[in-house]
Amino acid sequence: MLEIIGDMLPTNTKTTTKQKIAFWFPYLLMCGLMGLPFLDWLDDLFDEKFGLFPKDFLQKTAIQGSQAIFGDNEVGKLAGNIAMYGAPAAFDIDMSKRAGLAAIMPQNLSDFLLGATGSTITGFVGNMFDGTVNGTEGAYLNALRSVSPGLYNIYAAFEGETFGSRGRKTSVYESFYERLIRGAGFKSVDESLATDIQRITYNERAKLTKEKQKAVDAFIKNPTTENARRLKELGVRPDTVKKERERKQADRLGRVQAGMTKAEREKNQYLLDFAL
């Protein structure tokens with residue numbers, strides 16, 4: 001499959017434009033932009049290097065483009081959902097996670113090192129431990145999902161709700177159709193959209209934090225009017241700059257002490273005494 005994708009890339013001269021269209025058009029029609037392979041990997045790569053998120057960019061473009069063309073209404077929302085998750089989104093079904101190749105690469109180091117079987121075992125043991133020791137609501141269901149996603153989907157559809165690792169409710173299935181989609185092993189568009197908006201918001205927050213840190217460092221190094229204006233644009237307060245200047249003058253242990261609350265200092269005083 002990777003060979004085929006490689007042959008169908010726009011820069012590849014082995015295939016014609018007609019062949020490329022014949023491959024990518026039905027693929028995108030079924031899976032949408034979120035079904036494109038390597039997006040999560042590219043997000044990790046470009047975030048680390050440049051603070052960019054290609055997956056977020058595609059999703060924002062699809063939503064803004066559909067609203068600009070069709071308007072901020074049900075038609076525009078439907079067009080955006082189809083662009084992101086494929087034509088089945090018209091029936092509230094996200095096919096990008098099922099028919100697409102978005103997860104063709106391992107999503108974390110443990111998946112890469114342990115493989116499918118190892119990841120299944122560690123996921124099951126971890127969730128069972130979480131449920132037994134911590135009593136986390138939903139941990140046993142997550143353990144079931146590690147072993148058999150099919151049974152998990154059926155149970156979740158029957159119960160009408162799902163929970164995250166900390167027992168927080170993630171989704172509610174009220175109508176018969178919503179339960180039918182979940183039981184068949186698909187995510188609804190609303191579910192996927194909620195997850196994606198959470199990811200985009202988190203990434204934007206992380207990016208803003210990095211921009212503020214760069215702006216503070218730039219001002220401390222060179223306190224020009226331009227750098228001060230940038231701090232004001234980002235909403236960085238003067239006391240934040242003052243504290244960071246003090247942290248830069250301190251060593252690592254000094255920064256640890258400065259960042260401790262009173263309760264943390266009392267709890268870990270023996271560590272500080274030992275280090276000093």
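How are α7 and α8 oriented to each other? Before the answer, a word on the model: it is predicted, so local features need pLDDT of at least 70 and side-chain atom pairs count only at pLDDT 80 or more, while totals for chains, interfaces and linings use all residues. Residues are numbered from 1 along each chain as its sequence is written, and side-chain values use heavy atoms, with hydrogens and water left out.

Let us start with the whole protein. It has 15 helices and four strands, taken as DSSP runs numbered from the N terminus (helices H or I, at least four residues; strands E, at least two). Of its 276 residues, 31% count as buried, meaning under 20% relative accessible area with a 1.4 Å probe and protein chains only, whereas exposed means over 50% and partly exposed lies in between.

Now back to the helix pair. Helix α7 (residues 139-147) packs with helix α8 (residues 149-159) at about 140 degrees, their axes 6 Å apart. Axes are lines fitted to C-alpha atoms over the stretch in contact, and angles run from 0 to 180 degrees between N-to-C directions. The two helices are therefore oblique to each other; under 35 degrees counts as roughly parallel, over 145 as roughly antiparallel, 65 to 115 as roughly perpendicular, and the rest as oblique. Contact (heavy atoms within 4.5 Å) involves L141, N142, L144, R145 and V147 of α7 with P149, L151, Y152 and Y155 of α8.

Next, look at helix α11 (residues 225-234), where N227, L231 and L234 are buried. On its other side, T225, E226, K232 and E233 are exposed. The buried residues of α11 pack against α10 (189-221) and α12 (238-249). After α11 comes G235, with a positive phi near 75 degrees.
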